[in-house]
Structure formats: C-alpha cells, structure tokens
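Please keep the sequence and the 3D view at hand.

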Amino acid sequence: MKLSVVLSTHAAKFEAATFKGDLAANVARIAGWGYDGVELAIRDPKLVSGDELAAVLDAHGLTLPAIGTGQAWGEERLSFTSADPTIRRAAIERIKSHIPLAARFNAPVILGLIRGITPAGQGHETSMAYLVEALRECAATAAAAGVRYALEPLNRYETDLIHTVADGLDLIERVGASNFGLLLDTFHMNIEEPSIEASIRLAGDRIFHFHVADSNRWYPGAGHVDFRSALETLYATGYTGFVSGEFLPKPDAATAAQKAIAYLRPLDIR
Ligand code: LER
Ligand code: MN
C-alpha cells in the first residue's frame, strides 16, 4: 500500500488538511514516519515553485500523488457554479493553471469544493449545467497535457452538488472525458453511501485517487470505518494509486499521522 498524507503548502482554513505550511520541515517529518508520498493542497499554483517542490520531495524520496485545489473556494470563494460569470471564469482558469505542475509530477488534480454550492435563487439544474460546462473545458485542456481530474463526492453538509459515487458517475457520463474520474473519501462515503464497498466496486476503474479518514474524521483507527474491508475492495478494482490520509490534526498533526500509519501498515493490504 502506498500511503500519503495531506499537507497544505500555505496557511488554510480547511481543518482536515492535516499539515499546514513549513513545507520542508513537514515533508521531512512525514518521510521519517514511513509515508511514501505527500498530497499537496495548493490554493494557487502561482504561489509555489515546481523546482522547489521537486527538490524537497526528492530530498526525502517522496511522491506527489495528487494536488488539492479546494482552498480556492475556501479562501477566495472561486466556484464553477457561481451565479457570477466572472467568478466561474476565474475558477476555470485557476483549475486549468494547475495543469503544468500536475503534468510535471504526473499527479491528478482534485476537484472538491471548487464546484461550489448552489447560490440562493439558482436552480440545481443550472448549477449542474455550469458544472458540466466547466468540467468539459478543463478536461479538454488537461487531456492535451496528459493530466487527469478527480472529482470528489462530498457529504451533504458541505455542498448540494455530487454527494455519492452514483452522482459522480452520472456527471462523468455528462462530461464525457476519459481523463475525468473520481476521488473517493471514506469520511464522506461513511455519511452518504449505502455501502462503502458496493460504491467502491461501482466506481471501479474511475477511481483516480483515494482519501482516508475515519467516521469522525480523525485518523484511521479512531472511529468505526472498516478499513480492511474498504481497502481490500479498493485494490480488488485494480487500483494502483495512493491511499492518502486527510484527517483532522487531532490530538495534533504529528500524533494523527503516526497513528494512521501504525494502523494502516499492519493491515498489509497489497
Ligand atoms: C477535500 O478532499 C474534502 O474531503 C472536503 O471535505 C473539502 O471540503
Ligand atoms: Mn477528501
């Protein structure tokens, strides 16, 4: 099992970005605990240097398995489904601006809360139409660079748009791009999916990335998600990517990251 943990390259409000800032020091600690990769949450690729990232990751032998983008919503309120066309355009351009870095590291770009939340007075179908339009444009631009996008079904308390694997697969059908797939997150799945295992099987080879947090969004082992069953089901689909920890820094980030790896490694799946 290839394991990574989420690190935000800059300060961020998003609570479950387990680590924030201090890139070099945190990458060194994460490698020291036995992780194989570090998933980076990057609000704006303009703020990071690909060369610096490569140097820090190479120094510790870590892979960059995926790039998170949700802080463009969290900090700046950029959204594919805003009623304001200039905000929608800014969101699309921001998401396309991740393509060079993603191509360099061969990492899928995560689409989480950048899809936004349907604004008051706007119909759900209008939001879905904006979403499909934005995703088609981004996927077409990324395809030329060999880059993939992974849309994450999120629980109902975060957005009204795309809660389940079934919703995600309908969206994939509408977008119609082979470089557009899903990121599944056990925290959201535990809330929304009738069966985590059945939903993983349903998503199959459209799973481009995978997040783990327990039912309470603490590190795996702190709640009631059956990780052995979920991860065995994941690998049975033929998944070869990373299992990436995105959990609350509780009781603190270092303890959570060490508890997670101490729990997941001995499961000895794959
Ligand atoms: C991001 O990966 C995530 O899981 C969301 O909860 C972001 O709001
Ligand atoms: Mn997630």
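**Strands and rings**

In this predicted model, S8 stands opposite A41 in β3. The strand that pairs with β3 here is β1, residues 2–8; the two run in the parallel sense and share five bridges.

A41 also has a bridge partner in β4, namely G68. Strand β4 covers residues 67–68 and pairs with β3 over two bridges, again in the parallel sense. Together with helix α2, residues 50–60, strands β3 and β4 make a β-α-β unit, and this unit is right-handed.

How enclosed is β3 by the rest of the structure? Strand β3 spans residues 37–41, and five of its five residues are buried, so the strand is largely enclosed by the rest of the structure. This holds for both faces: G37, E39 and A41 are buried on one side, and V38 and L40 are buried on the other.

The aromatic rings are the next topic. The structure has four aromatic pairs. One of them joins W218 and Y219, whose ring centres are 6.1 Å apart; their planes meet at 55°, so this pair counts as tilted. An edge-to-face pair would need an angle over 60 degrees. W218 has 29% relative accessibility and therefore counts as partly exposed, while Y219, at 12%, counts as buried.

The charged end of R88 sits over the ring of Y130, at 3.6 Å from the ring centre. R148 lies over the face of F208, and here the distance to the ring centre is 4.0 Å.

Note on methods: Residues numbered from 1 in each chain as written. Chains lettered and ligands numbered in written order. Predicted model: local features only at pLDDT ≥ 70, side-chain atom pairs only at ≥ 80, totals over all residues. Heavy atoms only, no water. Phe/Tyr/Trp six-rings, centres within 6.5 Å; stacked < 30°, edge-to-face > 60°. Buried < 20%, exposed > 50% of the residue type's maximum accessible area, 1.4 Å probe, protein only. Lys NZ or Arg CZ within 6 Å of the ring centre and 35° of its normal. Helix = DSSP H or I, 4+ residues; strand = E, 2+ residues; numbered from the N terminus. Pairing = 2+ DSSP bridges. Right-handed = clockwise from strand over helix to strand, strands pointing away.
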